[in-house]
Amino acid sequence: MHGRFDFECYTEDLFHKLALPFPPSLCTALPLRGAEFLAGRAMADAALQALGQLTTEIPIGPDRAPVWPKGSVGSITHARGIAPVSPKAIQAGKPVSTSRQ
């Protein structure tokens with residue numbers, strides 16, 4: 001799943017509008033970083049919902065990597081206005097395919 005974003009339209013209140021937590025580490029970040037972070041987390045939230053995950057919050061871990069909710073793993077990236085994510089639901093420690101054959 002991926003989406004596009006325009007960092008020039010970014011404002012901090014978009015976190016509230018999208019019901020996503022605003023991490024304190026973004027308080028001193030440049031607007032571009034905030035826009036990238038928001039886009040990645042918004043796409044990850046939508047992807048987790050599509051997988052049927054009840055918990056979609058993805059906090060920042062001590063190594064600054066995303067901490068995926070129990071039962072899921074994934075990757076978030078962002079560059080040049082594009083924010084692709086690739087979460088997977090896991091069962092018994094193995095990824096579950098979400099692609100349609």
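## Briefing: pocket, aromatic cluster and overall fold

The largest pocket holds about 250 Å³ of space, in a model that is predicted. One of the residues that lie nearest the centre of this pocket is F37, which also belongs to an aromatic cluster together with Y10, F15 and F22. The points below take up the pocket, then the aromatic rings, and then the protein chain as a whole.

**The largest pocket**

- Sorted by class, the lining of the largest pocket is made up of 6 nonpolar, 4 polar and 3 charged residues.

**Aromatic rings**

- A pair of aromatic rings is described by two quantities, namely the distance of the centres and the angle of the planes.
- The structure has 3 aromatic pairs, and one of them is formed by Y10 and F15, whose rings stand edge-to-face at 6.4 Å centre to centre with 90° between the planes.
- Y10 counts as buried because its relative accessibility is 14%, which falls under the 20% cut-off, and F15 likewise counts as buried, with a relative accessibility of 1%.
- F15 also pairs with F37: the ring centres are 6.3 Å apart and the planes are at 35°, so this pair is classed as tilted, given that stacked pairs need planes under 30 degrees apart and edge-to-face pairs over 60.
- Because F15 lies in helix α1 (residues 13-17) whereas F37 lies in helix α2 (residues 31-50), the pair ties together parts that are 22 residues apart in sequence.
- Y10, F15, F22 and F37 together form one aromatic cluster.

**The protein chain as a whole**

- The secondary structure of the protein chain comprises 2 helices and 5 strands, and from the N terminus on these elements follow the order β-α-α-β-β-β-β.
- The protein chain has 101 residues, of which 33% count as buried.

Note on methods: Residues numbered from 1 in each chain as written. Predicted model: local features only at pLDDT ≥ 70, side-chain atom pairs only at ≥ 80, totals over all residues. Heavy atoms only, no water. Phe/Tyr/Trp six-rings, centres within 6.5 Å; stacked < 30°, edge-to-face > 60°. Buried < 20%, exposed > 50% of the residue type's maximum accessible area, 1.4 Å probe, protein only. Helix = DSSP H or I, 4+ residues; strand = E, 2+ residues; numbered from the N terminus. 1 Å grid on protein atoms, 1.4 Å probe; cavity = no way out; pocket = protein on both sides within 12 Å on 5 of 7 lines; lining within 4 Å. Points joined across faces, edges and corners; volume = space filled by probe spheres on them. Nonpolar A, V, L, I, M, F, W, Y, C, P; charged D, E, K, R; others polar.
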